[in-house]
Amino acid sequence: MNSDLNQGSEGAADLVVGLDAGGTRTRALLAGLRDDRPRGEGTAGPGNALTVPGAELADHLTEALAGAVPEPLRGRVVAVAGGFAGAGHRGQGADEPGRVRAEAALAAALARLGIAAATVGIHSDIETTFAAAPGHPADGLVLVAGTGAVAARIAARTPTATSGGDGWLLGDDGGGFWIGRAAVRAALRAADGRSGPTALAHAIGRSLGLPPQTLPPEGYGATATAPWSAEQRTAYRARLLPVVMARPPVRLADHAPLVVATAENEKDAVARQILTEAARRLTETVAALDPRPGETLVVTGGLLAPHGPLLLPVAERLTPLALAVTPVTDGSSGAVALARLAHDTHP
């Protein structure tokens, strides 16, 4: 948490809050109505409007908002806007299920904290992400690749076409869930002999707390001489599957950082191939929107934010399309911009 209670002559100034509620984290940002200087920040757990139960979502929003907005400043908040993973955009109607759930949870959180903003806006995470680009553009393209993956064309700050974003069961190709699932599948194939060795087998097993005696030895996948006995392989599979199946499926995304680390630190060929394929699929997701040369493409999410592990390979694959690739940290600053806009146009 980082808040500014000593605002001097600006103490009575109106304030706005922007929320970025994603599949892994919810972030709230407090800012002035007329300047971009952050006044406070708070974070909490996941904020996907479709996958996080309503009561839990309200708790996470409350925690993030409480961290960003100290109690003495809550009466000065005039506008709030939130970008939610799992929520549709306003063009899809007020009864779109994700929007309904996000609106109810945010209303509950604001009521708990005594924040009575004149305008409260619910947006999809792709809308707030795009608005986070420098200058807060109104038209262009956006690609979000975190737990899931979705791209959209934006016109007048509203998505007019989308690509991907079909959720962990049916799509989100190239996102964190897709990468994590590919890693666990590679580990299982190595264990039962359907593919060659990979260091991912050790990394995945260790991260899930499997007994050390079932894991392949250090160096498995890097050399052909590291033994992993048939008995160990059988025990590995017998332990791994129940642990994975006992967790919510979306938790497979937790393994994505292991794939990045294994590719970078151990130069594992299987891990590298998974990341290469993820970059290809993300590029394909953007290409489906028929990009025009020179268009802005705003990118974010754990995989594509500044310094994200797939930012460079995706940007390189997009070179033939001549897009202006613009990475942003998340959509919270875009939500702030949309909150200001809503306040200025509020009757």
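At what angle do helix α1 and helix α2 pack, and how far apart are their axes? I started there, keeping in mind that this is a predicted model.

**Entry: the helix pair.** I looked up α1, residues 54–68, and α2, residues 97–113. They pack at an angle of about 45 degrees, and their axes are 8 Å apart. That angle makes α1 oblique to α2. I noted the crossing of the two helices as right-handed.

Next I listed who meets whom. On the α1 side I found G54, L57, A58, D59, L61, T62, L65 and A66. They meet residues of α2 including R101, A105, L106, A109 and L113. I sorted the residues of this contact into twelve nonpolar, two polar and three charged.

**Entry: the cores.** I then looked up the largest nonpolar core, which has 50 residues. Those with the most contacts inside it are L143, I179, Y236, L240 and L310. Helix α5, residues 176–192, gives the largest share of this core, eleven residues. Another core, of 30 residues, lies apart from it, and L15, L65, L106 and I122 are among its members.

**Entry: D20.** Is D20 buried or exposed? D20 sits in strand β1, residues 15–21. Its relative accessibility is 11%, so I put it down as buried. Beyond its neighbours within four places in sequence, D20 is in contact with R25, T26, R27, G83, D330, G331 and S332. I also checked P46: it is 26 residues from D20 in sequence, and the C-alpha atoms are 9.9 Å apart.

Conventions. Residues numbered from 1 in each chain as written. Predicted model: local features only at pLDDT ≥ 70, side-chain atom pairs only at ≥ 80, totals over all residues. Heavy atoms only, no water. Core = buried A, V, L, I, M, F, W, Y, C linked by side-chain atoms within 4.5 Å. Buried < 20%, exposed > 50% of the residue type's maximum accessible area, 1.4 Å probe, protein only. Helix = DSSP H or I, 4+ residues; strand = E, 2+ residues; numbered from the N terminus. Axes fitted to C-alpha atoms, helices over the stretch in contact; angles between N-to-C directions. Parallel < 35°, antiparallel > 145°, perpendicular 65-115°, else oblique. Left-handed = near helix turned anticlockwise from the far one by under 90°. Contact = heavy atoms within 4.5 Å. Nonpolar A, V, L, I, M, F, W, Y, C, P; charged D, E, K, R; others polar.
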